[in-house]
Amino acid sequence: MNKKRLLVLSGFILITALSRVFPHPYNFAPMGAMAIFGAAYFKNRKLAFLLPLFAFFISDLLVNNILYSSFYSGFTLFTPGFYWMYGSIALIVVAGIFILKKVNMKTVIGGSLAASMIFFLVTNFGSWLGNPMYPQTIEGLMMSYAAGIPFFHYTVAGDLIYAGVMFGAFEYAKVKIPALQIVK
């Protein structure tokens with residue numbers, strides 16, 4: 001991968017992650033969009049996983065220690081249950097690798113919707129598992145999923161909008177800056 005393309009793709013992901021510090025509805029976030037974007041454009045699979053996860057971590061540091069600092073006693077590296085969120089991002093990258101072999105409107109929308117579903121299913125499962133608030137039964141798991149439903153439409157909207165902007169802007173940039181094209 002050429003350095004200019006690497007820098008632009010990394011910049012898109014990092015800037016998008018940093019948008020989390022701006023006011024927004026709960027769950028209206030770029031996480032799924034960043035993961036499918038990385039999956040689509042990084043042929044190096046390590047980068048496809050590491051850059052979205054690294055950007056998520058950097059944005060988490062800012063969100064946890066600036067926006068939500070009153071919830072923690074001191075500097076916070078990770079949100080409780082972070083592994084469910086980071087795990088869902090990794091699974092979204094895997095899904096994106098399969099769904100976005102060719103970037104077009106259909107695959108970007110499909111990847112975005114898959115990202116939303118994966119994030120919802122994994123993180124709400126994590127919220128249920130071992131949580132005394134929910135009975136550790138199938139009924140308790142369904143209660144956890146039901147509790148997440150009011151936020152799910154924000155997840156879907158965030159993934160669709162952020163993915164549309166990221167993919168659209170990068171495809172436009174590729175037209176204007178030939179160095180961003182993949183040389184075959």
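Asn124 is found in helix α5, where helices (H or I, at least four residues) are DSSP runs numbered from the N terminus. The structure is a predicted model, in which local features need pLDDT of at least 70 and side-chain atom pairs count only at pLDDT 80 or more, while totals for chains, interfaces and linings use all residues. Residues are numbered from 1 along each chain as its sequence is written, and side-chain values use heavy atoms, with hydrogens and water left out. Asn124 has a relative accessible area of 12% and is therefore buried; buried means under 20% relative accessible area, exposed over 50%, and partly exposed in between, with a 1.4 Å probe and protein chains only. Leaving aside neighbours within four places in sequence, Asn124 is in contact with Phe119, Ser144, Tyr145 and Gly148, contact being heavy atoms within 4.5 Å.

In soluble globular proteins, nonpolar side chains tend to be buried together. A nonpolar core is here a set of buried Ala, Val, Leu, Ile, Met, Phe, Trp, Tyr and Cys residues joined through side-chain atoms within 4.5 Å. The largest such core has 40 residues, of which Ile13, Phe37, Ile92 and Phe167 touch the most other members. Two or more residues are given to this core by each of α1 (3-18), α2 (31-41), α3 (45-67), α4 (82-99), α5 (105-128) and α6. Its largest share, nine residues, comes from α2. Apart from this core lies another, of five residues, including Trp128, Tyr134, Leu141 and Tyr145.

Ile92 is one of the buried residues of α4, as are Met85, Tyr86, Ser88, Ile89, Val93, Ala95, Gly96 and Ile97. The buried residues of this helix pack against α2, α3 and α5. When neighbours within four places in sequence are set aside, Ile92 is in contact with Gly32, Ala35, Ile36, Ala115, Ile118 and Phe119.

Leu14, in helix α1, has a relative accessible area of 33% and so is partly exposed. Not counting residues up to four places away in sequence, Leu14 touches Ala55 and Ile58. Leu14 and Ala55 are 41 residues apart along the chain, yet their C-alpha atoms are separated by 5.2 Å. Val156 is placed in helix α6 and counts as buried because its relative accessibility is 17%. With residues up to four places away in sequence not counted, Val156 touches Leu113 and Ser116. The C-alpha atoms of Val156 and Ala114 are separated by 9.3 Å, at 42 residues apart along the chain.

Rolling a probe the size of a water molecule over the atoms shows where empty space is left. On a 1 Å grid over the protein atoms alone, a pocket is an open set of points where a 1.4 Å probe fits, with protein on both sides within 12 Å along at least five of seven lines; lining residues have an atom within 4 Å of a point. Grid points are joined across faces, edges and corners, and a volume is the space filled by probe spheres set on the points. The largest pocket holds about 1200 Å³ of space. Its lining has 42 residues, and those nearest its centre are Tyr26, Asn27, Thr79, Met85 and Phe119. At least two lining residues are supplied by each of α2, α3, α4, α5 and α6, and the largest share, seven residues, comes from α6. By class, this lining has 25 nonpolar, 14 polar and three charged residues; Ala, Val, Leu, Ile, Met, Phe, Trp, Tyr, Cys and Pro count as nonpolar, Asp, Glu, Lys and Arg as charged, and the others, Gly among them, as polar.

Asn27 is placed in the loop between α1 and α2 and, at a relative accessible area of 35%, is partly exposed. Although Asn27 is not a glycine, it has a positive phi of about 75°.

The second largest pocket has a volume of about 230 Å³. Of its 13 lining residues, Tyr41, Val103, Glu171, Lys174 and Ile182 lie nearest its centre. The lining has five nonpolar, one polar and seven charged residues. Lys174 lies in helix α6 (residues 138-176) and is buried, with a relative accessible area of 14%. Not counting residues up to four places away in sequence, Lys174 touches Arg5, Tyr41, Leu180 and Gln181.
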